[in-house]
Amino acid sequence: MTRVASASTSTSSPVAQLHGRSPFVRALCVLSIGAISAIAFTTGCAQSHSLFGSSRLFNQASSRALHSAGMDTASTTVPSIVVYVTVPNREAGRKLSDSIVKERLAACVNIVPGVESVYWWEGKVQADSEELLIIKTRESLLPALTEHVKANHEYDLPEVIAMPITGGNTKYLEWIKNSTKDA
């Protein structure tokens with residue numbers, strides 16, 4: 001425990017602060033930093049906002065890289081999204097992931113173990129261990145992906161939530177386009 005406690009001191013790097021956290025927490029932190037960076041850049045406050053002003057996580061070079069790989073300026077890509085779907089266990093996650101990729105509804109699905117979900121269901125608070133699927137696909141495939149998940153999921157009401165990808169590695173975004181079917 002001392003390693004985790006020392007990693008959270010104010011002098012440690014952001015990467016060190018994530019050490020010892022669950023894979024889901026680390027993934028969520030990385031995605032959150034990316035989303036905040038994109039919002040800050042598009043609103044023009046990336047350099048003036050205190051979160052980014054002296055941060056090594058976001059500087060002028062990274063803001064130019066984000067802009068150069070923006071979805072609106074890359075004619076070789078398509079609008080893409082990240083979709084979250086929770087599943088009860090590894091077997092269910094692997095089965096659903098395989099069917100999604102095989103149908104070319106997504107280019108890639110990450111399976112993140114160790115998610116603890118607390119939620120309201122049937123009039124009371126419930127808690128379950130789950131796994132999180134992080135699905136990268138075209139925005140235009142969301143309706144078909146949602147129907148596929150609903151038809152092949154164990155839950156009565158499966159989670160399917162989507163967030164836009166506003167920029168990134170252009171070659172990776174092209175790969176998403178080329179690895180998925182046309183909508």
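Tutor: The discussion below sets values from this predicted model against the cut-offs behind each term.

Student: Why is Ser117 called buried?

Tutor: The relative accessible area of Ser117 is 14%. Buried means under 20%, and therefore Ser117 with its 14% is classed as buried. This residue is found in strand 2, which covers residues 108-121.

Student: What makes the pairing of the Ser117 and Glu130 side chains a polar contact?

Tutor: The two side chains are 2.4 Å apart at this contact. The cut-off is 3.5 Å between N or O atoms, one able to donate a hydrogen and the other to accept it, so the 2.4 Å pair falls within that limit. Leaving aside neighbours within four places in sequence, Ser117 is in contact with Gln126, Ala127, Asp128 and Glu130.

Student: Which residues line the second largest pocket?

Tutor: Ser117 and Glu130 are both in the lining, together with Thr86, Tyr119, Trp120, Trp121, Asp128, Tyr155, Asp156, Leu157 and Glu159. The pocket has a volume of about 300 Å³. Strand 2 gives the most to this lining, with four residues. By class, the lining has five nonpolar, two polar and four charged residues.

Student: What makes the phi values of Arg104 and Glu122 worth noting?

Tutor: Most residues other than glycine have a negative phi. Arg104 is not a glycine, yet has a positive phi of about 60°; Glu122, also not a glycine, has a positive phi of about 50°. Arg104 is placed in the loop between helix 6 and strand 2, and Glu122 in the loop between strand 2 and strand 3.

Student: How do you know which residues touch the most other members of the largest nonpolar core?

Tutor: Of its 15 residues, Val85, Leu96, Ile100, Leu133, Ile135 and Leu145 touch the most other members. Two or more residues each come from strand 1 (80-87), helix 6 (90-102), strand 3 (124-138) and helix 7 (142-152). The largest share, four residues, comes from strand 1. Membership requires burial and side-chain atoms within 4.5 Å. In soluble globular proteins, nonpolar side chains tend to be buried together.

Notes:
Residues numbered from 1 in each chain as written. Predicted model: local features only at pLDDT ≥ 70, side-chain atom pairs only at ≥ 80, totals over all residues. Heavy atoms only, no water. Buried < 20%, exposed > 50% of the residue type's maximum accessible area, 1.4 Å probe, protein only. Contact = heavy atoms within 4.5 Å. 1 Å grid on protein atoms, 1.4 Å probe; cavity = no way out; pocket = protein on both sides within 12 Å on 5 of 7 lines; lining within 4 Å. Points joined across faces, edges and corners; volume = space filled by probe spheres on them. Nonpolar A, V, L, I, M, F, W, Y, C, P; charged D, E, K, R; others polar.
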